[in-house]
Amino acid sequence: MIVRSRIDRLPDWLFVENIPDTYDPLSKVTERRIDITDAPIDMQNYLLCSSGLFLMHSRMKFAENVIIDTGIEGESIVSQFIAYQVPGSKLPYQGASRHNIRFIPNSESSYELKSGVEYTYFLIVISKDFYYRLIDRHSVLHEDFVQEIDKGISAKFSEVDMRATPEMHRIIDEILENKKTGEFKRLHTEAKVLELLIYQIEQFNNEHLSNEKLLRHEDIAKLEMARDILENNFINPPMQRELALSVSINESKLRKGFKEYFGCTIYDYVTRLRMEMAKQLLIEDRRTIFDVAEMTGFKHQTNFSIAFKKYFGISPSELT
Amino acid sequence: MLEVKEICYEVNGRKIIKNVSLFAKRGQMLAIVGANGAGKSTLLSLLNAENKPSSGVVTLDGRSMSDFDPLELAQKRATLAQSHHVNLAFSVEEIVMMGRYPHEKQQAREQDQRIVSETLRICGLKDFGERSYLQLSGGEQQRVHLARVLAQIWDQPEAVLFLDEPVAGLDMRYQQQTLAIAKALCKKGMMVIAVLHDLNLVADYADRVLMLKDGRRWKYGTPIEVLNTLDIYHVFDVETEIKINPKTLSPLVLTKPIKINHSELN
């Protein structure tokens, strides 16, 4: 994706950043500051880029009205916080800081910024790929939003922008004040971005669903039944369609609800049970890898070894 | 099976526990981890029916916890609290015998006596029975309470044991011993739910881990699933490296020391 921005009276782009869409945990984080104090413009910008993620914080004040154009190319999820302060006003921030999360396939937008007003702007642009890594696409937390993303049309989480909470401000400060370097810089930034998104989504959901439960009572009972079936049949588990049928719930509801309620997907749940059994058989009962693969329901030993390594981080043959 | 269905807990309009769901099975130890103030002890008090959730429900074997009468609860579950206040000069044995009160008819039976000596022994207090509780060290006092709580459920094969920071203040040996006892009780068919801070003990002893952050369920799974660099960082703000012990398949959590510049201290 490409993120760029310009001010109408400057000949050059303020910045043009080309961000790789695909999330790569080993990619580097780059940061820079762009400060312009040249009347009528007074702005301090902080930019952070890494794979799948662009982040910007700006403080700006203009002696004349100016227009800022911002363009984003590529499918991305955008979270932004805007606060402004009119000089002489007693209120700390009129309209406080407002925020929203949007999905934008491609966009060019222009904002007019009024002279004399002090703006604080915080922007996070996340590629679709990275967003789904942060928040599972099946999570009921953002069900409606995901449907619109899948249709490829512009969408926003909340109809009206919401008021930012102190929790959210604290996280933004933590992102900006982060002095870590290297891999931990990236880890810290991702952790905080996710935390911020969670608080935003939580606030939207609380507002819109009020006290409505995410899952209904009958559904919970069905999910629990499904879990029992998996516990008793994980060596040869039913297909998800069959599972849905046997607890009479619709398949997509089962998938989403399971993940939401038990905190993991049906597939991961079966893997967990198989791997726990494999661990017991290998370590306590000292069975051979061949036996264990068969006993835990794998048709081929290689498939077992691959799944084992993915789960535990080491191959069964590396056990000592 | 203990099932926790979307529980919230609110005090003075402030939500301390937010929509937590989980389940724990007999034969397994569930560890609850999280930063100070994340809501671990509060959650434990909702699970053991000391407090009632503002919404949602906790069921034990399909029956809501609030439906049990107090005596029934005392026979089904025991809780080791984080701190204890005993100011009277009870003997160690007397305190441990208090664990048997829910089971005694008129006075302590032979069975109760036997259980008390057994739990004293397993807690390394074999020869402490006659001693005054107040003259023991902090770690020894902690073990007396463990013995008392164990005595409460020792002959209840389906009991649930709640431990709130059971190894705080114990030396290395008794940290291991305490969790080994808990694990052995699980093998006998009980269920143990423990708030723990040492992630390496969690890795070695727990079957399931619930990671709490700001009263929310952040992660819930096996130690290998939950104890990873990113989630530990999310929850504790601490940088760690995870290795896998090739003998036990348990994750090993290695922390990186933090440096504070001494010139910034004033």
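Biologist: Parallel or oblique: how do helix 4 of chain B and helix 5 of chain B lie to each other?
Modeller: Helix 4 of chain B and helix 5 of chain B are oblique to each other. Angles under 35 degrees count as roughly parallel, over 145 as roughly antiparallel, 65 to 115 as roughly perpendicular, and the rest as oblique. This is a predicted model, where local features need pLDDT of at least 70 and side-chain atom pairs count only at pLDDT 80 or more, while totals for chains, interfaces and linings use all residues. Residues are numbered from 1 along each chain as its sequence is written, and chains are lettered from A and ligands numbered from 1 in the order in which they are written.

Biologist: What is the angle between helix 4 of chain B and helix 5 of chain B?
Modeller: About 140 degrees, with the axes 9 Å apart. Helix 4 covers residues 110–122 of chain B and helix 5 covers residues 138–153. The axes are lines fitted to C-alpha atoms, for helices over the stretch in contact, and angles run from 0 to 180 degrees between N-to-C directions. Helices (H or I, at least four residues) and strands (E, at least two) are DSSP runs, numbered from the N terminus.

Biologist: Which residues of helix 4 of chain B meet helix 5 of chain B?
Modeller: Helix 4 of chain B brings Ile115(B), Val116(B), Thr119(B) and Leu120(B). They meet Ala147(B), Leu150(B) and Ala151(B) of helix 5 of chain B. A contact means that the C-beta atoms, placed from the backbone, lie within 7 Å. Six residues in this helix 4 to helix 5 contact of chain B are nonpolar, one is polar and none is charged. Here Ala, Val, Leu, Ile, Met, Phe, Trp, Tyr, Cys and Pro count as nonpolar, Asp, Glu, Lys and Arg as charged, and the others, Gly among them, as polar.

Biologist: New topic. How many residues are in the largest nonpolar core?
Modeller: That core has 88 residues. Ala31(B), Ile32(B), Leu161(B), Ala182(B), Val192(B) and Ile193(B) have the most contacts inside it. Helix 5 of chain B gives the most to this core, with seven residues. A nonpolar core is a set of buried Ala, Val, Leu, Ile, Met, Phe, Trp, Tyr and Cys residues joined through C-beta atoms within 7 Å. A residue is buried if 20 or more other C-beta atoms lie within 10 Å of its own, exposed if 12 or fewer, and partly exposed in between, with C-beta atoms placed from the backbone.

Biologist: What does Ala182(B) touch?
Modeller: Leaving out residues up to four places away in sequence, Ala182(B) touches Met29(B), Leu161(B), Leu163(B), Val192(B) and Ala194(B). There is also a second, separate core of 40 residues, which includes Leu47(A), Tyr84(A), Ile171(A) and Val193(A).

Biologist: How do helix 5 and helix 7 of chain A pack?
Modeller: Helix 5 (217–233) and helix 7 (251–262) of chain A pack at about 85 degrees, with axes 10 Å apart. So helix 5 and helix 7 of chain A are roughly perpendicular to each other. By class, the contact of helix 5 with helix 7 of chain A has seven nonpolar, one polar and three charged residues.

Biologist: And at what angle do helix 8 and helix 10 of chain A pack?
Modeller: About 95 degrees, with the axes 11 Å apart. Helix 8 and helix 10 of chain A are therefore roughly perpendicular to each other. Thr271(A), Met275(A) and Ala278(A) of helix 8 meet Ala307(A), Phe308(A), Tyr311(A) and Phe312(A) of helix 10.

Biologist: Where is the cis peptide bond?
Modeller: The cis bond joins Ala39(A) and Pro40(A), with omega about 5 degrees. Pro40(A) is in the loop between strand 3 (30–38) and strand 4 (41–50) of chain A.

Biologist: What is the phi of Ala49(B)?
Modeller: Phi of Ala49(B) is positive, about 70 degrees, although Ala49(B) is not a glycine. Ala49(B) lies in the loop between helix 1 (40–47) and strand 4 (55–60) of chain B.

Biologist: Buried or exposed, how does Ala49(B) count?
Modeller: Ala49(B) counts as buried because it has 21 C-beta neighbours inside 10 Å.

Definitions and conventions
Two residues are in contact if their C-beta atoms, placed from the backbone, lie within 7 Å.
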